[in-house]
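Visitor: I am new to this structure. Please pick a single part and take me through it closely.

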Amino acid sequence: MKKRVLACLLLLTLAGCASQSRPQPPAADTPPAERPAQSIEPILSPADYPRVDGSTANLPMMAAIRAAATGESLEQAEAMTTCRKTPEAWMALANGEADLLLVYEASEQTKKRLDEIGNELVITPIGRDALVFLVNDGNPVTGLTQEQLTDIYTGAITNWSDVGGAGASIAAFQRPEASGSQSLFMKLLMRDKKPVEAPTELRPEEMGGLVDSIAEYDNSANALGYSVYYYVSRMYGMDGLRLLDVDGVSPSSETIASGAYPLINEYYLVTRANEPANSPAAKLRAFILSDTGRSVMEQAGYVPLQG
């Protein structure tokens, strides 16, 4: 099956997080991220650009911001953009191996490790994404309620026939505990409830691996999984998959921005609290938080918070 991946990831994937995506030409309804049409005065030289890290789903944002902030072409910025993924990025900043993060929320496990290190961080919400659930197109179910999803992941519901589907067992995929999407899953859906332990084959390490698994699982119409909206809709979509409505609302940029979709969460700009006021990281932080920075994020397809 053909992946629907942003064309801008062709170089970016070679530079970092290569296991996360297998670039193919984008679908007609998924335009590539472009440099902002307006003229933007560079604020940093490429040589002075800080060490930026973060979550896989924010890679196109990182590249677009670097291009706008340095005056590089988007292709040049993509080639210089890498990430460690969510838990590793948080630790890299705390340990002094990164200067600025564009990142999803840390897991409780990662937060405990950050507390142990003790470096104070400045965490600023800058945009919204959403936890989305996906099934194979062969599954007749088009939507689930939060209660039904919780019941599936606690083991109270185990068959698709209980939620309007065919009489088949539900193969409910999860992600590793410290991953960004698993953190959102626990915070937004499960809350104080504990999901059943997923077997190894239903807990892929990589975000792209989960998408592949839902599409290619032996009983593909039986599989259920989750990711974040930007990643699965813009970076690593796949023919034959469908996003489910939740509580009757379809996930989209519009429903995420308005708050109509129920499982939304913010992503963050993070620096160390002791960052010098005139450092490259401080200058880049101010740029990202400016109207220009928000415009760059929006043109890259993200949902920025309004200042």
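**A cavity and the rings**

Guide: The largest cavity holds about 50 Å³ of space. A cavity is a set of points on a 1 Å grid over the protein atoms alone, where a 1.4 Å probe fits but cannot get out. Its volume is the space filled by probe spheres set on points joined across faces, edges and corners. The structure has 2 cavities of 30 Å³ or more.

This is a predicted model: local features need pLDDT of at least 70 and side-chain atom pairs 80 or more, while totals for chains, interfaces and linings use all residues. Residues are numbered from 1 along each chain as its sequence is written, and side-chain values use heavy atoms, without hydrogens or water.

What lines the largest cavity? Tyr104, Arg128, Asp129, Tyr229, Tyr230, Ser253, Ile256, Tyr267, Gly301, Tyr302 and Val303 do, each with an atom within 4 Å of a point. Strand E4, helix H9 (229-235) and helix H10 (253-258) each give two or more residues to this lining. Helices (H or I, at least four residues) and strands (E, at least two) are DSSP runs numbered from the N terminus. The chain has 12 helices and 12 strands.

Look again at the tyrosines in that lining. Tyr104, Tyr230, Tyr267 and Tyr302 form one aromatic cluster. Rings of Phe, Tyr and Trp (its six-membered ring) pair if their centres lie within 6.5 Å; planes over 60 degrees apart count as edge-to-face.

By this rule there are 8 aromatic pairs. One joins tyrosine 153 and phenylalanine 185, edge-to-face, 4.9 Å centre to centre and 70° between the planes. Tyrosine 153 sits in helix H6 (residues 146-154) and phenylalanine 185 in helix H7 (residues 180-190), so this pair ties together parts 32 residues apart in sequence. Tyrosine 153 and phenylalanine 185 are both buried, meaning under 20% relative accessible area with a 1.4 Å probe.

Tyrosine 153 also pairs with tyrosine 226. That pair is edge-to-face too, at 5.8 Å centre to centre and 70° between the planes. Tyrosine 226 belongs to strand E7 (residues 223-228) and tyrosine 153 to H6, so the pair links parts 73 residues apart in sequence. Why does tyrosine 153 count as buried? Its relative accessibility is 1%. Tyrosine 226 counts as buried at 1% as well.

Now turn to phenylalanine 133. Setting aside neighbours within four places in sequence, phenylalanine 133 is in contact (heavy atoms within 4.5 Å) with Tyr153, Phe185 and Tyr226, among others. Its other partners include Leu149, Leu189, Leu224, Arg242, Val246 and Leu263. A nonpolar core is a set of buried Ala, Val, Leu, Ile, Met, Phe, Trp, Tyr and Cys residues joined through side-chain atoms within 4.5 Å. The largest core has 72 residues. Within it, Ile65, Leu102, Phe133, Leu224, Leu284 and Ile288 touch the most other members. Apart from it lies another core of 14 residues, among them Met91, Leu93, Val103 and Leu121. In soluble globular proteins, nonpolar side chains tend to be buried together.

H11 (residues 280-289) has Leu284 and Ile288 among its buried residues, along with Ala281, Ala282, Arg285 and Phe287. The buried residues of H11 pack against strands E2 (52-54), E3 (100-103), E4 (121-136) and E11 (264-272), and against helices H2 (59-70) and H12 (291-299). Over the whole chain, 55% of the 307 residues are buried.

Definitions and conventions. Buried means under 20% relative accessible area, exposed over 50%, partly exposed in between (1.4 Å probe, protein chains only). Rings of Phe, Tyr and Trp (its six-membered ring) pair if their centres lie within 6.5 Å; planes under 30 degrees apart count as stacked, over 60 as edge-to-face and the rest as tilted. On a 1 Å grid over the protein atoms alone, a cavity is a set of points where a 1.4 Å probe fits but cannot get out, and a pocket is an open set with protein on both sides within 12 Å along at least five of seven lines; lining residues have an atom within 4 Å of a point.
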